[in-house]
Amino acid sequence: MDNLLWIFISALLVNNFVLTYFLGLCPFLGVSNSLETSARLGAATTFVMLVTAVCAWILNTYVLIHAPYLRLICFIVVIASTVQFIEMLIKKLSPALFRAMGIFLPLITTNCAILGLAIFATNRGYGFWEGIVYALGAGLGFTLALVLLAGLREESELSSIPKLIQGTAMNLIIAGILSMAFMGFAGLFSTT
Amino acid sequence: MKETESYEEFIKGVWRDNPVFVQVLGMCPMLAVTNSAVNAIAMGMATLFVLVGSSFLVSSFRNWIPKQVRISCFIIIIATFVTIADYTLLALVPKVHKELGAFIPLIVANCLILGRQEAFASRYPTRLAVMDALGMASGFMLALLSLGAVREILGDGALFGVKLFGENFEPWVIMILPPGGFLTLGVILLFFNWFKLKKDEFLQEVAEAERSES
């Protein structure tokens, strides 16, 4: 139990996927201009991460022990087709939810945080429940970083900023400061 | 004629459409592995190999790949090359491979590579596609190397592992930690913004001068 909690907090704060591993930066810098869309994208990503964790565990346990060199190709194909499948499923079952998620679902396929999650979980040899908790922590951590940046960006739109620094440059510097703040969590656990 | 055309494709990727500084693509590996110049070069070489190889294959097969499943085909081709690069690095330079860790397999998810297949290689003949891939990869390498060099010099007082400043240098450790990556790239992009603003101003002045003359 302690172990699971540790994995969750480590993925959520100490080793935040966006701010310390630099994963999923494209949506982080691209879609983070409003709080609402970031929260939705975060929720969609967390969901896909959970599904990916289950798929990765199944692949690792039953398929890839026979052919480890196919790991990468298997993961990417499975992730891409799972996202496609979930997209169709949601479209059929709940058109309202599908409209709310909009273009975010297909975009998630190219999010390196998802593939990164599968690879990290494999490298550390996580089991089924550990994998799920890890995915939950990583997804929520991604959402947290996205929402934080979106909040700051919404605020900054109302203030006058020199033309020189507007755009990606400013977002990167904000992200740098956020990342520095998250480094403070590194002291939470002594066994890292 | 042919020569200048492929030269154009090459130079476009290195400077005018630089994938990192201008298009802001491929940020994840860009920031994650640039805490030393050696890592930056290894990552750059791996990306170069994958990009050129997959551009060549995609462009050769562009008439046989059905439109509906093209993205999956591209991804499988890219993943194959990444697996080759992964195992090659593991065999040749195990130390660097260990430091880059999971970021070698993550080249698959580098949006720069998929973007070039979709936008360029699947539409143009092999020669141009390979030149374009070489240019883009060199531009990416240039960006990686400049970021890696700045971070290693500031954060470690060294370049390629050679100490530059002697004993009394106090390393600015934050630069080789994650925040340093964000900050350095932010500052480099500031320079690019400044350059672009100056250029726009200059072009405007020229246009005004021409208007007043006529």
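**Note on the two-chain model**

1. Chain B has eight helices and two strands as its secondary structure, where helices (H or I, at least four residues) and strands (E, at least two) are DSSP runs numbered from the N terminus. Along the sequence the order in chain B is α-α-α-α-α-α-α-β-β-α. The model is predicted: local features need pLDDT of at least 70 and side-chain atom pairs count only at pLDDT 80 or more, while totals for chains, interfaces and linings use all residues. Residues are numbered from 1 along each chain as its sequence is written, and chains are lettered from A and ligands numbered from 1 in the order in which they are written.

2. Overall figures for chain B. Its C-alpha atoms fill a box of roughly 60 × 60 × 30 Å along the principal axes. Chain B has 214 residues, of which 42% count as buried; a residue is buried if 20 or more other C-beta atoms lie within 10 Å of its own, exposed if 12 or fewer, and partly exposed in between, with C-beta atoms placed from the backbone. Among the contacts in chain B with a separation of 6 or more, 75% are between residues 24 or more positions apart. Two residues are in contact if their C-beta atoms, placed from the backbone, lie within 7 Å.

3. The interface. The contact takes 33 residues from chain A and 32 residues from chain B. On the chain A side, H2 (25-30), H4 (71-93), H7 (112-123) and H9 (168-183) each supply at least two residues. H9(A) gives the most, with nine residues. By class, the chain A side divides into 25 nonpolar, seven polar and one charged. Here Ala, Val, Leu, Ile, Met, Phe, Trp, Tyr, Cys and Pro count as nonpolar, Asp, Glu, Lys and Arg as charged, and the others, Gly among them, as polar.

4. The core. The largest nonpolar core has 110 residues; such a core is a set of buried Ala, Val, Leu, Ile, Met, Phe, Trp, Tyr and Cys residues joined through C-beta atoms within 7 Å. The residues with the most contacts inside it are Leu115(A), Leu117(A), Cys28(B), Ile78(B) and Val108(B). Leaving aside neighbours within four places in sequence, Leu115(A) is in contact with Phe75(A), Ile76(A) and Ile79(A), and also with Leu106(B), Val108(B) and Ala109(B).

5. H1(A) against H8(A). In H1 (residues 2-14) of chain A, the buried residues are Ile7(A), Phe8(A), Ser10(A), Ala11(A), Leu12(A), Leu13(A) and Val14(A), and they pack against H8 (128-157) and H9 of chain A. The axes of H1(A) and H8(A) come within 7 Å and cross at roughly 25 degrees; axes are lines fitted to C-alpha atoms, for helices over the stretch in contact, and angles run from 0 to 180 degrees between N-to-C directions. H1(A) and H8(A) are therefore roughly parallel to each other, given that angles under 35 degrees count as roughly parallel, over 145 as roughly antiparallel, 65 to 115 as roughly perpendicular and the rest as oblique. The contact of H1(A) with H8(A) has 13 nonpolar, two polar and one charged residues.

6. H3(A) against H7(A). H3 (residues 35-63) of chain A has its axis within 9 Å of that of H7(A), and the two cross at roughly 40 degrees. That makes H3(A) oblique to H7(A). Residues of H3(A) in the contact include Val48(A), Met49(A) and Ala53(A), and those of H7(A) include Ile114(A) and Leu117(A). The contact of H3(A) with H7(A) divides into nine nonpolar, four polar and no charged residues.

7. H3(B) against H4(B). H3 (residues 37-60) and H4 (residues 70-92) of chain B pack at an angle of about 145 degrees, with their axes 9 Å apart. Among the residues that meet are Phe49(B) and Leu57(B) in H3(B), and Ile78(B) and Phe81(B) in H4(B). This contact has 13 nonpolar, two polar and no charged residues.

8. Two loop residues of chain B. Asn110(B) lies in the loop between H5 (94-100) and H6 and is buried, with 27 other C-beta atoms within 10 Å. Beyond neighbours within four places in sequence, Asn110(B) is in contact with Gly26(B), Pro29(B) and Thr47(B). Tyr124(B) is in the loop between H6 (111-121) and H7 (126-156) of chain B and is partly exposed, with 17 other C-beta atoms within 10 Å. Not counting residues up to four places away in sequence, Tyr124(B) touches Ser59(B) and Ala129(B).
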